[in-house]
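Hi everyone, thanks for making time this morning.

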Amino acid sequence: MNFITGGFGLSKTKACRLVNLAKSVFWYRHKPEGGSDIAVRERLKDLAAKRPRFGCPRLHVLLRREGLKINHKKTERIYGEEKLSLRRKNRRKRVAGLRLELPKPLKPNHIWSMDFVSDTALNSRKIKALTIIDAYSRKCHRIEVDTSINGTRVCRTLDEIGEREGLPEVIMIDNGPEFAGRALDEWAYRKGIRLHFIRPGKPVENAYIESFNGRLRDECLNEHWFISLNHARKVIEDWRTDYNEARPHSSLGNLTPEEFIQKEVEMAACGPVYSNS
């Protein structure tokens, strides 16, 4: 370009027009990485180390929450350069089935979902965890951990939650013996709560709790070796607290369950907005 402008006496504007080159491209000069990029890079690595099962989109939300106002493309670039990508699991292809429309929760304490998750401690003792979530706010009310949990224990746990949070109108469950037994049936009848049993072999019909249990196993159970039952209870309870208060949820607009509930309370306090027209 300098040869053209110097040898033929053309201005830079005319020379750019002659070779069909935008002036912005001609004047562009590469800018070396500044301090902001270094700060983002270091913080992204720290977050990825603390939360090894979080992907790039969720780490980007955490960075923005800390005041690092950056474009998601920059986060993705740094994420790739630092080789932080999660290992993809090879899933077996399954025959596509009919998509069922799940019962849609309309408010907090409308629909709860319950299920069990199992794991093993280092002493080979089996650990069983009862997970209970609100399908509307995604809040996990309790993860009851023990070596054995029967129907009576399930009812007692629900009563303890109900004293603080209230009880739901519907509880979605599978056909396990703890749920299908007499204890839970009598408890639900006394409380006026409807038990919604999914069809045998169709866990997708209780997708809310299945999704939660997948996150629990991926981010907590698979990341820790439990020395004892008490150790398992502490680690799982810490993860539950973090899930409710710090982990952003894409289904809630990247809010945490507690933030989502607080937002619902504030909107309800404002009441309906009426137009003067």
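This is a predicted model: local features need pLDDT of at least 70, side-chain atom pairs count only at pLDDT 80 or more; totals for chains, interfaces and linings use all residues.

With that, let's go to Ser148, in the loop between β3 (140-146) and α7 (151-165). Is Ser148 buried or exposed? Its relative accessibility is 54%, so Ser148 counts as exposed; the cut-off for that word is over 50%. Ser148 and Ala129 are 19 residues apart in sequence, and their C-alpha atoms are 8.7 Å apart in space.

Now for the rings. Searching the whole structure turns up six aromatic pairs. One of them is Tyr136 with Phe260, a tilted pair with 5.6 Å between centres and 55 degrees between the planes. Tyr136 sits in the loop between β2 (126-134) and β3, while Phe260 belongs to helix α12 (residues 257-270), so this pair ties together parts that are 124 residues apart in sequence. Both partners, Tyr136 and Phe260, are buried. Elsewhere, ring pairs join Phe212, Trp239 and Tyr243 into a cluster.

Charges meet rings as well. Lys128 has its charged end over the ring of Phe116, 4.5 Å from the ring centre. For Arg58, the charged end sits over the ring of Phe54, at 5.5 Å from the centre.

Last stop, helix α5, which covers residues 56-65. Its buried residues include Cys56, Leu59, His60 and Leu63. Just after α5 comes Gly67, with a positive phi of about 95 degrees.

That's my tour, and I'm happy to take questions!

Conventions. Residues are numbered from 1 along each chain as its sequence is written. Side-chain values use heavy atoms; hydrogens and water are left out. Buried means under 20% relative accessible area, exposed over 50%, partly exposed in between (1.4 Å probe, protein chains only). Helices (H or I, at least four residues) and strands (E, at least two) are DSSP runs, numbered from the N terminus. Rings of Phe, Tyr and Trp (its six-membered ring) pair if their centres lie within 6.5 Å; planes under 30 degrees apart count as stacked, over 60 as edge-to-face and the rest as tilted. A charge sits over a ring if NZ of Lys or CZ of Arg is within 6 Å of the ring centre and within 35 degrees of the ring normal.
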